[in-house]
Amino acid sequence: MLVVRPAGPADLDHLLELAILSGPGFTSLPEDPDQLVERLDVSRDSFSGVLPPQDRWYTLMMEETDTGDVDGIASVKAAVGLKRPFFSFRLANQAASSPSLNIRLDHQTLQLVNECTGWTEVGSLFLKADRRKGGAGRLLSQSRYMLIGAEPELFADMVLAELRGVFTPDGACPFWDHVAHKFFPMEFDQADLMTGATDKQFILDLAPRHPIYVDLLPEPARAVIGKVHPQGVAAMALLESEGFRPNGLVDIFDAGPTVSCQRDHIRTVRDARRLTVRITEDVDAELPALISTDSVSAFRAVRAKAQIEGETVRLTPEVADALKLGDGEVARVKT
């Protein structure tokens, strides 16, 4: 059975493997053991409640209970932009007109902004290639919203997600090559690493101060603004099914889109129910449900058959064991 559970320091080898497999442009999964060690320490201290709520970064691992294999990762960052700026480019229209010539023009521009301070971010969604079927991706994605719904007061009213922008099969990034690199004279991987490892002062020092007119950019760069990496198309579809929509912001390095949704309007947060667990050998249910604990500190999530009767849910011993829930305890269930 697949179970989504908290990540901690013992997961370093798993996390490093996933970071290597994720490839270029996956900013939240750098191939840097020191950063990954720090991230896992933060995850442990987030789930245990040691860190203040706004400093918490919850990392989740998807594990096969029979083998112990870890095949995926996801995360929830409680708040962005509080200690380090959260930079984006905003796509905006600037109108120009000449009444005497009867001409009106609308120019699309990119403007550096820091608009999402304090928002919660869901991210780091990545699965090994052989797990991208059979509902594993949906379980991993939705587990983040079950985590938020367990204790919503720990998270912001607005939730965002950044999606990786377009890269060519040989690893080139058209937006970086034609636009961002002009302002950041370094390799993409170096800039990407510095984004996660520094206070981002280098962005403030070097990024363009004035709007960039999209019409003046080369066609390869224009074509990828706000577009998703091919490996991110499924993730985008999952986000849209939850109610997330593009908000006009794109990444300053690869031009991947940012999407957002009000926390309480996220479909899984809104629709999951708190039910009392009854453990039984026989569960009469046609389709599996999304089931999680009702606690951040002891968070676990699975997809399994669940029989709902009023305010109770019947689970098999195997499912209850995967969730580490006992008879009479509370689970959150979304059918």
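## Around Q108

Leaving out neighbours within four places in sequence, Q108 touches L91, A92, N93, I212, Y213, V214 and D215 (contact means heavy atoms within 4.5 Å). This is a predicted model, so local features need pLDDT of at least 70 and side-chain atom pairs count only at pLDDT 80 or more, while totals for chains, interfaces and linings use all residues. Residues are numbered from 1 along each chain as its sequence is written, and side-chain values use heavy atoms, with hydrogens and water left out.

Q108 sits in strand β5 (residues 103-113); strands here are DSSP runs of E, at least two residues, and helices are runs of H or I, at least four, numbered from the N terminus. With a relative accessible area of 34%, Q108 is partly exposed (buried is under 20%, exposed over 50%, partly exposed in between, with a 1.4 Å probe and protein chains only).

## Two helices

Helix α1 (residues 12-22) packs on helix α2 (residues 33-47) at about 125°, axes 10 Å apart. That makes the pair oblique, the class left over once angles under 35 degrees (roughly parallel), over 145 (roughly antiparallel) and 65 to 115 (roughly perpendicular) are taken out.

On the α1 side, L12, L15, L16 and A19 meet P33, L36, V37 and L40 of α2. The residues of this contact split into 8 nonpolar, no polar and no charged.

## β11 and its partners

Strand β11 (residues 273-279) runs antiparallel to β16 (residues 330-334), joined by 4 bridges (pairing takes at least two DSSP bridges). Here R274 stands opposite R332. With β15 (residues 312-315), β11 pairs in the parallel sense over 4 bridges, and R278 has R314 as its bridge partner.

How values were computed: Axes fitted to C-alpha atoms, helices over the stretch in contact; angles between N-to-C directions. Nonpolar A, V, L, I, M, F, W, Y, C, P; charged D, E, K, R; others polar.
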